[in-house]
Amino acid sequence: MAGAESPGRVRGSAWTWRPVARDALLARAFHSCTELQGRFYLVGGLLEGGARMPSSDTVIFDPTRGQAVQLPAQGPLRSHHDAALVGGRWLCVVGGWDGSRRLATVSVLDTESGVWEVWKANPSSCPPAGLSSHTCTRLSDRELRVSGREGGTRTQRRYGSIYTLKLDHSTRTYWALWQSWKTFESFQKTQLRPEFLCANSYKEEGYHTVSRSGHSAALLPTTGPHPGHQLLLFGGCNSVEPEVAGQWSHGKIKEETPVAPRLVEQLARLVSSGQGLQQGPQSLRHHSCSVVGPFAVLFGGETLTRARDTICNDLYIYDTRTSPPQWFHFPCPDRGLKRVGHRTCLWNDQLYLVGGFGEDGRTASPQVCILELFV
């Protein structure tokens, strides 16, 4: 196998997505996919291209058995949303499109009972007007970082905003803080001020992030004289540069990322065969992004740099082991691997690809695939 020719081979190395399961329940795009105790929870999404009404289905996929089941309880109508796990039990679905408008509400699945709950916003909270094609990153068991641009039914703002979303599963409530900074320097200073994280107000200081939609977010370790973590935003706009949406000193972030020693070693071998670049993909959106050790692995998506053949099947790796970090691009001529609106999920030292529309932008893939590297 290692010596066989592969359409994904680049400079002596190769990669592909190897199918491991197939089920019609998994055929969807612009859904969320969250791993909990070795099972993938798929929520909502669009079942076919051009659909106006998102799905309310919740599907649980067991990668060990290769089986998918649908929860009896109907969930919220959602697509273009994001989700994060809280308390090792509650799957929080944040924002998204319900078929008629963008939302900023939080719907929660109790994974132990299989029942959907609607948590209430704290009376002092001032949530955004609505969010879709945003990102939601878990910082702790009670705190999420949301990045996106506000919008209503038809329009969205021309700038992006960053929100801290705090959740209390004991009272089934949440509240939000709008975080914006005049300069990146003031952003760095306020990160360490506890009074800045007041949970009862929005604070606007005249600075907004680049307008992004359909972007991805990665919470990555930082090295050097001041190690810690930073949250980077990729794509969703014309810029090729990642944008910092949060920065924390060593010990501030307690999240434990999945351990994947074999995959990290394989990715390191793959990038050693490529040419490092200072700039990443331009105008890429609705791609997938997973953190694997010191790497952010981006795949597929839709490019806005050309009028035709916009759906991609490229693999991009962002390597934080160097200063400055480097990009590595590994294209693939296999058009059958083109995906948009899909998700990737890291579990058991393997990276899984779930759902998404294919090359025509209309047909949802029912396959689950594993990233296979020939290095």
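Before we set off, keep in mind that the model is predicted, so local features need pLDDT of at least 70, side-chain atom pairs count only at pLDDT 80 or more, and totals for chains, interfaces and linings use all residues. Residues are numbered from 1 along each chain as its sequence is written, and side-chain values use heavy atoms, with hydrogens and water left out.

Let's start with strand E20, residues 295–299. The names come from DSSP runs: helices (H or I) have at least four residues, strands (E) at least two, and both are numbered from the N terminus. Is E20 buried or exposed? Five of its five residues are buried, so E20 is largely enclosed by the rest of the structure. (Buried means under 20% relative accessible area, exposed over 50%, and partly exposed in between, using a 1.4 Å probe and protein chains only.) In a regular strand, side chains alternate between the two faces of the sheet. You can see this in E20: Phe 295, Val 297 and Phe 299 point one way, while Ala 296 and Leu 298 point the other.

Now look at the partners of E20. Two strands pair if DSSP finds at least two bridges between them. Strand E19 (residues 288–292) runs antiparallel to E20, and five bridges join them. Here Val 292 sits opposite Phe 295. The hairpin of E19 and E20 has two residues between the strands, and Gly 293 takes a positive phi near 60 degrees there. E20 also pairs with strand E22 (residues 315–319), again antiparallel and over five bridges, with Ala 296 standing opposite Tyr 318.

Stay with E19 for a moment and find Ser 288, which lies in that strand. Ser 288 is buried, at a relative accessible area of 3%. Its side chain makes a polar contact of 3.2 Å with that of His 342. (A polar contact is a pair of N or O atoms within 3.5 Å; within protein, one must be able to donate a hydrogen and the other to accept it, and residues adjacent in sequence count only if both atoms are side-chain atoms.) Leaving aside residues up to four places away in sequence, Ser 288 touches Val 297, Leu 298, Phe 299, His 342, Arg 343 and Thr 344; contact means heavy atoms within 4.5 Å.

Next comes an open sheet of four strands, in the order E1-E26-E25-E24, with antiparallel pairing. Strand E1 (14–22) and strand E24 (343–347) are at the edges with a single partner strand each, so one side of each has no neighbour in the sheet. From one strand to the next, the twist averages 30 degrees. E1 and strand E26 (residues 367–374) are joined by eight bridges, and Arg 22 has Gln 367 as its bridge partner in E26. Helix H2 (residues 261–272) lies across E24, strand E25 (350–354) and E26, at about 55 degrees to E26. For such angles, axes are lines fitted to C-alpha atoms, for helices over the stretch in contact, and angles run from 0 to 180 degrees between N-to-C directions.

What about aromatic rings? Rings of Phe, Tyr and Trp (its six-membered ring) pair if their centres lie within 6.5 Å; planes under 30 degrees apart count as stacked, over 60 as edge-to-face and the rest as tilted. The whole structure has eleven aromatic pairs. One of them is Phe 40 with Tyr 352, edge-to-face at 5.2 Å centre to centre and 80 degrees between the planes. Phe 40 is in strand E3 (residues 39–43) and Tyr 352 in strand E25, so the pair ties together parts that are 312 residues apart in sequence. Both Phe 40 and Tyr 352 are buried, and together with Phe 61 and Trp 347 they form one aromatic cluster.

How many disulfides are there? Counting pairs of cysteine sulfur atoms within 2.5 Å gives zero disulfides. The sulfur of Cys 345 is 4.5 Å from the closest cysteine sulfur, in Cys 33, which is too far for a bond.

A cis peptide bond joins Ser 323 and Pro 324, with omega about 0 degrees, and Pro 324 lies in the loop between E22 and strand E23 (326–330). Asn 348 has a positive phi of about 55 degrees although it is not a glycine. Asn 348 sits in the loop between E24 and E25 and is exposed, with a relative accessible area of 52%.
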